Number of protein chains: 2
Amino acid sequence: MNLLRVNMTEGKISFEPFSQTKILGGRATIDSLLTQQGFPAAHPLAEQSLLIVAPGIFAGTSAPQSGRLSIGGKSPLTGGIKEANVGGTAGHKLGRLGIMGIVVEGRSKEWQVLKIGRQGVSLEKADGLAGMNNYSACDLLRRKYGDRVGIIVIGPAGEMKLANSTVAVTDPEGRPSRHAARGGVGAIMGAKGLKAMVIDDEGGALRKAADEEAFREAAKKAAEAIQNFPLTAGLHNMGTAIFVNMDNGRGSLPTRNHREGSFEKAADIGPAKLMELVKTRGGAMGHGCLPGCVVRCSPIFHDPSGKFLTAALEYETICMLGSNLGIDDLDAIARMDRRCDDLGLDTIEMGCTIGVLNDAGLFRFGDAARAEELIEEIAKGTPMGRILGSGVALTARAFGVARVPEVKGQGIAAHAARSSKGWGVTYATSPQGADHTAGAVLEEPLSKTGQGDRSRKAQIMNASLDATGLCQFTFLTPKLIVPMINGLYGVNWTVEEYLELGKEMLRQERTFNLKAGIWPGADRLPEWMGREPLPPTNAVFDVPLEDLDSVFNF
Amino acid sequence: MNLLRVNMTEGKISFEPFSQTKILGGRATIDSLLTQQGFPAAHPLAEQSLLIVAPGIFAGTSAPQSGRLSIGGKSPLTGGIKEANVGGTAGHKLGRLGIMGIVVEGRSKEWQVLKIGRQGVSLEKADGLAGMNNYSACDLLRRKYGDRVGIIVIGPAGEMKLANSTVAVTDPEGRPSRHAARGGVGAIMGAKGLKAMVIDDEGGALRKAADEEAFREAAKKAAEAIQNFPLTAGLHNMGTAIFVNMDNGRGSLPTRNHREGSFEKAADIGPAKLMELVKTRGGAMGHGCLPGCVVRCSPIFHDPSGKFLTAALEYETICMLGSNLGIDDLDAIARMDRRCDDLGLDTIEMGCTIGVLNDAGLFRFGDAARAEELIEEIAKGTPMGRILGSGVALTARAFGVARVPEVKGQGIAAHAARSSKGWGVTYATSPQGADHTAGAVLEEPLSKTGQGDRSRKAQIMNASLDATGLCQFTFLTPKLIVPMINGLYGVNWTVEEYLELGKEMLRQERTFNLKAGIWPGADRLPEWMGREPLPPTNAVFDVPLEDLDSVFNF
């Protein structure tokens, strides 16, 4: 297995052997490389800052639903370490080529495309691609490199080095509909002068396991467990829109700039409506974004004329661009989703950003046309667009708004912290900022006690999972994951050793952040969430500070 | 002595006795009040955040050159504690009224004016003042309240709650030419809905000293020491423009976005040129901004037609809007100074901000017309203006610029850190961010050793001084200051006790910052200053991190 190093300044490409001493993948690879080679004190967009792309431990194997790809570096939004992971085909393809990590360093003056294949790796001029939206760019790249390539690409937002910018990855049909969305990883790639990476795994092969039989057996058991998990059928049939109902019911559906926890129009943006529109217009529920996906939770959404509009209209998008903006029009939400995917913008950050404009008198809740217009400002690259494309914290500052739903400079995701207090602890303390994927806690959402312990457990579990490249919606327990690792690598890990990997990752992330100037004092939710009750639960975030500060006691 | 408390939400005004247990003033008052009553976790513009106005220990006495006024709160730029002090007449007038502090809390929905006089204190509607520039606002207020009032006022920048916004204070002629400029204190006042404070000290009186004779004697000695200090005559005759020559000679005059340390056109913006223009056009050198000023270093600058343009064309302004932008036209610099004073913008932050636009391709060095045009964007309140008015860190982020001259979100002042390494340590470590007034170090500017010790000493000395309300250009040693305190309060302080006050202030400021999430890891200069040599000295900032981290070991 190899690590690919690309120096953009010199146009130099080299291979190194990938970690021989440790089992690493995904977020763990990023944490380890940034710990050894990163520059925590440097500006995220500086020439010496690193962009790291890392498939998970199971990349290129037949482990079910496992090809997620981690993309990371120093976040332009938080100023701390960042790993954002994403579905699509690129992770699996890199694994099939034996590439377990890509380190991109330096800066090219002209936009480049990194072409990766069995025959070699090369940097090529990004002719005609500069300024191009993701969908058009992928069309052009597929025409040039063939329909079967996997593409990792940035849109205009990443090119403009906006702090809210994503890295898109193509799905099995070649659409740039999957996004390593959070923390501004698109801007890190943009600062390198790298428009796209094209991965052609023609001639590559599934990785061989050290103990093929043990691995096959473990993978089979895992696939069965996913198939039988209670939520799987619901996710498959309804997509992640299923959470609209669940969060709305629990009072944790951010509504109107995080002012309410349920939305009277939730039914209009929920799974039933989504399924109805898909049924009448074409499109599909139950699409898989990853090779080998069991759950297949992605909806393919068509516009009223029956033409493809967007893929994977996800819960976080529906909430943050829907209820959080008081918008009840699923078509408008889908159009904004497509536009964000095309420009390379994180929909969570975008929804938080437009939300605070209400306090600035620049947006009225429910005004979908205005929300769409605001996103167009980013496309145009106007000063207003640069403000909005820089995320919620910067937007609030530029317009003098004091009530800001952010942690460490990053917008808070779509499970309201006050009505999901354990999740709130994760938002506050995760070295990654307020990500919904950093450690979900669903138990006793309104209790103020025990949430530090719950979040700690969830964050450790989750970090380990983010190393594997397994999708969170596998809901696999360590007991089912560890036998696959043991089969693949011929080791005898215990569950404890597997969880130790997650602990080590969190320690490395905290250490990076300390060196970057982000200390534990930043592990706080916005102060107003402790004062302002969130209807209908009317909960405030009242988890004791000691509990927040205890999360990393392990 | 009283503390005045103003609740803007309820329109409630009350008096409390001022600190009976401790001798406090200025920055020490702010530190003490924020420690006891502040909300470090709250947003700087939140309703519960405090704006504090505090005259120095010697306010309202005959101590020479001592009426500086401290204005502070939680900084919208740094997110940490902020004290910015300013000359003008308001500090002295508050002292004569026996008011040693004003705490403004809450938020008024309509713009208000706080009228303070011997007859009482009241909140009045700011009729016709909203949106008004500082000079016009002061004209209107003086017409209403009389020519002899002192005025504390915010311009449109503060009203817009921009993070680079000042609080202006009138000079003896009633011009809003003196600014508590750094850290965005104008936005804190703006967030309270307070446009101006008008201080009428008619019927007030000089404060009585506990030991009148001892105080008079000590004040006399202090005045003589100021008069005889070697730099006094130079400052009086040439203004602070004298530092253009000194810094240019030492290679520490920030030039072209902090890329060089000397400016080939320094003579065109230096003291000789300034004096020549003042001589031919009218205006004056040697104006005093404070009652009882001995040094009187302010130039009154007229335009080519002989009409008053701006007062106190200071070194920091001349450098940051001049050499740092490659601008050699003193008239253009003076026009920008006036415009910043009128809008309520810090010229240091403004110069840093326009400087980084060069890296974004939006400004060419030397293009004074473009620089003036950019400042006008702020006046217009356009999105571009909101970016620029939010300071250098936000501007750099919005435009994807990685090389940013800032510490803790605040632009670096006009004595280049790389060629003034002790000063650089102060910029890095001061709880206030990169202020030129937080602790100047001139000794061995290019040595990498001993700078932590020098900065520590300077920061302690300076903190104590900022409690007194004495101007830094008195260059008074503690030995000359302490007898005035002893005479005024009837105590027997030693020099050590006086310096202990400064230590206690710094401890309080650090504690506030810790609670606000700003930990010692943020005590760093930008990483690129450690790599990029600054011509002509070609120095990099190479003070060991241990030295930075040792500054607060006392």
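Before the first selection, one convention: angles under 35 degrees count as roughly parallel, over 145 as roughly antiparallel, 65 to 115 as roughly perpendicular and the rest as oblique. This is a predicted model, in which local features need pLDDT of at least 70 and side-chain atom pairs count only at pLDDT 80 or more, while totals for chains, interfaces and linings use all residues. Residues are numbered from 1 along each chain as its sequence is written, chains are lettered from A and ligands numbered from 1 in the order in which they are written, and side-chain values use heavy atoms, with hydrogens and water left out.

**First stop: two helices of chain A**

Select residues 451-468 and 495-515 of chain A, which are helices α18 and α20 (helices are DSSP runs of H or I, at least four residues, and strands are runs of E, at least two, numbered from the N terminus). Their axes are 7 Å apart and meet at an angle of about 95° (axes are lines fitted to C-alpha atoms, for helices over the stretch in contact, with angles from 0 to 180 degrees between N-to-C directions). α18(A) and α20(A) are therefore roughly perpendicular to each other. Now show side chains: among the residues in contact are Ile460(A) and Leu465(A) from α18(A), and Tyr498(A) and Met505(A) from α20(A) (contact means heavy atoms within 4.5 Å). This contact has 10 nonpolar, 4 polar and 1 charged residues (Ala, Val, Leu, Ile, Met, Phe, Trp, Tyr, Cys and Pro count as nonpolar, Asp, Glu, Lys and Arg as charged, and the others, Gly among them, as polar).

**Second stop: a crossing in chain B**

Next select α3 (residues 134-145) and α12 (residues 330-343) of chain B, whose axes come within 6 Å and cross at roughly 55°. α3(B) and α12(B) are therefore oblique to each other. Asn134(B), Tyr135(B) and Ser136(B) of α3(B) meet α12(B) residues including Arg338(B) and Asp341(B). By class, 2 nonpolar, 2 polar and 3 charged residues make up the contact of α3(B) with α12(B).

**Last stop: between the chains**

Which chains supply the 33 residues and 32 residues of the contact? Chain A gives 33 and chain B gives 32.
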